[in-house]
Amino acid sequence: MKLTRRDLLKVTGAGAGAIALGSLGVSYLVTESYAKKLKTSGAKEVITSCPYCSVICQYIAHVKYGKVVSTEGDPMYPVSEGALCAKGSAMLSQINDNKRVLKPLYRAPFSDKWEVKDWDWMVKQTARRIKDTRDKYFKEKNAEGQVVNRCDEFFHAGSSQMSNEELAVHRQALAAMGVVNIDHQARVCHSSTVPALAQCFGRGAMTNHYIDIKNTDCALIIGSNAAEHHPMTFKWVLKAKEERGAKIIHVDPKFSRTSARSDFHVPLRSGTDIAFMGGMIKYILDNNKYFYDYVLNYTNASLIINSKYGFNNGLFSGYNPKTKLYDKSSWQYETDADGNVKTDKTLKNPRCVFQLLKKHYSRYDFNRVSSVTGVSQENLRKTYEAFAATGRPDKAGTIMYALGWTQHTVGVQYIRTGGIVQLLLGNIGIAGGGVNAMRGEPNVQGSTDHAMLYYSLPGYLYMPRANEPTLEDYNKHNTPTCKDPMSANWWQNKPKYMTSLLKGWYGKAATKENGFGYNWLPKLDQATAWDKGDNSFLFAWEDIYNGKIKGASIFGSNPAQSIPNANKTRKAMANLDFIYFGDIYHNETTDFWHGPGMNPKEIKTECFLFPAAHRAEKEGCVANSGRWILWHNEATAPRGESQPMGQIIIDIMNELVRLYKKEGGKFKEPIVNLDWYKKYDAEKIAKKVNGYYVSGPDKGKQLSSFTELKDDGSTVSLCWIYTGSFTEEGNMMKRRSHTQTPLEKNLGLFPKFSWVWPANRRILYNRASCDMNGQPYDPTRVVVKWQDGKWVGDTPDGGMPPMSQKGGKYPFIMQPEGLGRLFGPGLVDGPFPEHYEPAETPLTRHDFSGQLSNPCMKVLVSDHDKIAAPGDLRFPIVLTTYSMTEHWCSGSETRNHPALLEAEPQLYVEMSHELAKEKGIKNGDAIIVESARGRVEAAAMVTVRITPFKIQGRTVHLIGMPFAFGWTKKGCGDTTNRLTINAGDPNTTIYEAKACQVNIRKADMITELAIEGVTSEDEMTGGNHV
Amino acid sequence: MSKSFFIDTSRCTACRGCQVACKEWQGFGPNRTKQLGWGSHQNPPDLNHLNYKVVKFTEFKIKDRVFWNFFPDQCRHCVEPPCKLAADGHVKDAVVIDKETGAVIFTEKTRKISDEGFLMMKEYCPYNVPRRNPETKIINKCDMCLERVEANQLPMCVKTCITGAMQFGERDKILAIAKARLLKVQEEFPEAALLDEEGVRAIYLITHDRKMYPHFAALDEHRKNASLV
């Protein structure tokens, strides 16, 4: 029916908000079905886990004829309820991607291409290189003459993409080889979280969990862009808002998608959160907002500190400028003649922790805080008032943070401010409270638990040092003691966990005589100065640059993209003799040898790239940030010739064992005596991670609790905190029940869904949610309750009775003194957080003290590690870096997803209109960003969401950039890390990726961003990619 | 008996889950997109034959307060769709309405519609939704994931939505939910409104004045009376 224009005008003028076409006789009803055929009908449904953020949404892979034909969220996963963000929604493309590495590839010295090789050849060649290098360079003793039994010429990176079982076997293999330069994504992600939270509460992990956020009355989202980087959290944040009227506060340099959904946004200059939180501590104390009973009974507020302790002009007592370390003896508790710690329960003694805390933060007044942070006094007051209101027993406030807090030269102390505030407000151990560290990629929680870090062993044990030659020495140094009978001092059990681990690694060969294999472990140097005994990325990469490291293994990671000062990182790699990789994609690291500025004909590095199976192609478990251990299943067989990363290392180690048995060689015992595997079997390894009896009447039986672990070699466990995850009843991690008691349902605890470390305890430190009689402070949000002689609710944090009863213990059982620490004497850079400027800063002084930056920070300064002086006028703009919802970190995976690259195609710089005007830059312009270390090309995104800061009375500009774009995806830009700085926190050497100084200008010509835009199907640049 | 969407932008975090999940389900390839010369998170810039769902971003600063509104755009599945009116004038039953759900479906018969016919469909649509695949000539847009709905499943965008910004169900229930939600949201945002709820099956809730949202978000007074070229 043809209508005239007049007819339509008549019609559209008629309706008042709708179009009423019925009057024109248009027919609307059809009887046929026009629906397409449902592509998932008849498919097998397999549950597996998203590999992107630490929420670890489970999803359904629909499988037909062995191929994944569709993916969508799993409604049974309580944290996601079937939802998925952009990245999770793109899993189908990734699993079926033909750009994946599907065959073993080899790059010969000086070659410009990859060649396909067969698996066995790759394994044999790799093992040969490892053995030759190890035999040549292995050292029995260090320069000080101490026995160390290690090979410094190796370096290992990766991976938080491995499942727990893959990590367990990898860590065992690396220790056996004598590798000490071990690092991975946790370093740059949340390494600072571990000692910070452990110092505060006893364990270095997220205290609550994701669903629990719905129980809060006030969410302080700080150093985080939760809606963009942990998208699923906002399901629970908005529930708290809608169902409880919770206030949502976002404190972060840039107004982001999180700010849009928060009640208000507080912009602050990157690098100043300690000043901001210090102001909050002062506000809480000055206005008596703290929860008095909680502070008195559950924290170390009443404990008295050594008379020699002091703080003067930015330095604590005991500083040694040569070593950049503190002698911490003056920070210890004062004890009486019997060794008991002195206390003052009136909290008035000038040397009790409470008074020292008050004194320390007396300088953090509104003027000083506002001047250095750029936060208006009105915003300070607004935030402090709202959050401090949760100090009441019937109110809960939660702090949600991520890399905006962790990635600083004062990262650990940043997080400590959160711990102090929450202890003052009584928000630890309660529902809707906590210090919620939102971790990075899955399985970075697991990779930290399983210790893919140079200084740890699985279960948060420490790697032995050169001054601990025997197991007895090690246990003596590492096992804390406490005289107070009210302290459970749980770490006194350490020797049981260490022995069970070693027995797991060395099996029958581990005997009391050889310290259960302790004597075969490599030993680190002692950390006698800021640059000694530190084998993290910062120092290892310096060694690579200087040619000291010969061979490397890099699994599931992309350091050439993600590590600061990328120009140095990439150049350094050419010094390596060989690298073996396991990965699912080519990236800037696997293919460094034909990157920009690299001439393959001059690069000798042999590269062995093993194709790694996708997570959907193997079973195993990974840990979300809330410590939930989630089992994923094999949806489809590994594509092409790919194999799980666990199988790669098993094959290589088997070949190494064969070579050492056949040929002999340097210190072969740790290798030939390994309790090893033929085939990678995730379930078998998971059982060993849990642990079982290896002798006695219960030989072969799975353990059900770590209380069963012994130090006599009768038990094994590859990670004691996981004991209880795979018992005689079966694989607890596979549980999917939603059954809850009314108490559990009220809080969303889901105790029968998966399994949580430790001991299926969902909210840590939960006995602090009750008074001394074990009765909940808040009857509407009961976590645990002492009833009829036992605890009901969540697994109690320590099954001991409440404090008022016989046998009662303090609620922080992992602390030697059993209490939450306001004063934290165990950290490298101070017992109280103190404001220091970032290593590169726009300022030359600040009002808190005469100490400009962290006196203990680790900074490399050289020709290849240049840094700008404070207030350097060449680089006046603060650069902060961050991720995006649509890409994951380095982007090496997500840049390959067409729909994700389409949504975020190229490198950009978010800047204020004011700065753009100053520089003559318009939105969309090509610009160049420069630091003392390098430059990048990007597109300008001029936005109202970034505002200039008023700092010390003058304007300081800040810009922000993502770091997901790399040269292997043509035309999208290259790594922002060419700009960032090699400066690290003194406790964990985490990089200061969140603050450095840059300048920007409009570019006349750029080459790294294709003007026409990118095609997602573009192949890689240069070389002959096979 | 018909269905409707309720799209509550007060809950949207612009995670692009809906945008990507829709593409993956439909099996569409990518567009070339860029930041150079564009400078926005809104990518692709608009709905197109490979994107039935695009999240749109609008930012404002009013008296030192920043606002960033998110609008996950899609076909409205109008109760009485003008695109069908235009199409019927060219190829009968190229555009049909599903009896059970009320979904407005562009069939492959649309490939026979002339260029003028396609332009007419685009013009008649108050929301600027219809797009043409340059190779196949098929005109396409959101199909309400009809095959999923018929199998008692949610459309992909709704399934994947993290915060419950996207809801889907029986029209009368959805209308009730939308109206109740509007009252609640108005406590915090007095200017909140529903957009064209009586005439569409994809009902948006916005929190600020209509001017702070993309151009084709609602049927505007001025366009109701405008002449069509």
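In the predicted model, Thr48(A) has Tyr59(A) as its bridge partner in β2(A). This pair belongs to strands β1(A) and β2(A), the latter spanning residues 58-64. The two strands run antiparallel and are joined by six bridges. They form part of an open sheet of three strands in chain A, ordered β1-β2-β3, with antiparallel pairing. Its edges are β1 (44-49) and β3 (67-73) of chain A, each of which pairs on one side only. On average, neighbouring strands of the sheet are turned by 30° against each other, direction ignored. Strands of a sheet pair through backbone hydrogen bonds, in either a parallel or an antiparallel manner.

The contact between the two chains draws 94 residues from chain A and 80 residues from chain B. About 7100 Å² is buried between chain A and chain B. Carbon and sulfur atoms account for 56% of this area. Three residues, Tyr34(A), Arg261(A) and Glu902(A), supply 10% of the area that chain A buries against chain B.

In one salt bridge, the side chains of Glu242(A) and Arg11(B) meet at 2.7 Å, N to O. On the side of chain A that touches chain B, helix α28 (residues 898-903) gives the most, with six residues. By class, that side of chain A has 49 nonpolar, 24 polar and 21 charged residues.

Methods:
Residues are numbered from 1 along each chain as its sequence is written. Chains are lettered from A and ligands numbered from 1 in the order in which they are written. This is a predicted model: local features need pLDDT of at least 70, side-chain atom pairs count only at pLDDT 80 or more; totals for chains, interfaces and linings use all residues. Side-chain values use heavy atoms; hydrogens and water are left out. Two strands pair if DSSP finds at least two bridges between them. Helices (H or I, at least four residues) and strands (E, at least two) are DSSP runs, numbered from the N terminus. Axes are lines fitted to C-alpha atoms, for helices over the stretch in contact, and angles run from 0 to 180 degrees between N-to-C directions. Contact means heavy atoms within 4.5 Å. Buried area is the accessible area (1.4 Å probe) that two parts lose on being put together, summed over both. A salt bridge is a side-chain nitrogen of Lys or Arg within 4 Å of a carboxyl oxygen of Asp or Glu. Ala, Val, Leu, Ile, Met, Phe, Trp, Tyr, Cys and Pro count as nonpolar, Asp, Glu, Lys and Arg as charged, and the others, Gly among them, as polar.
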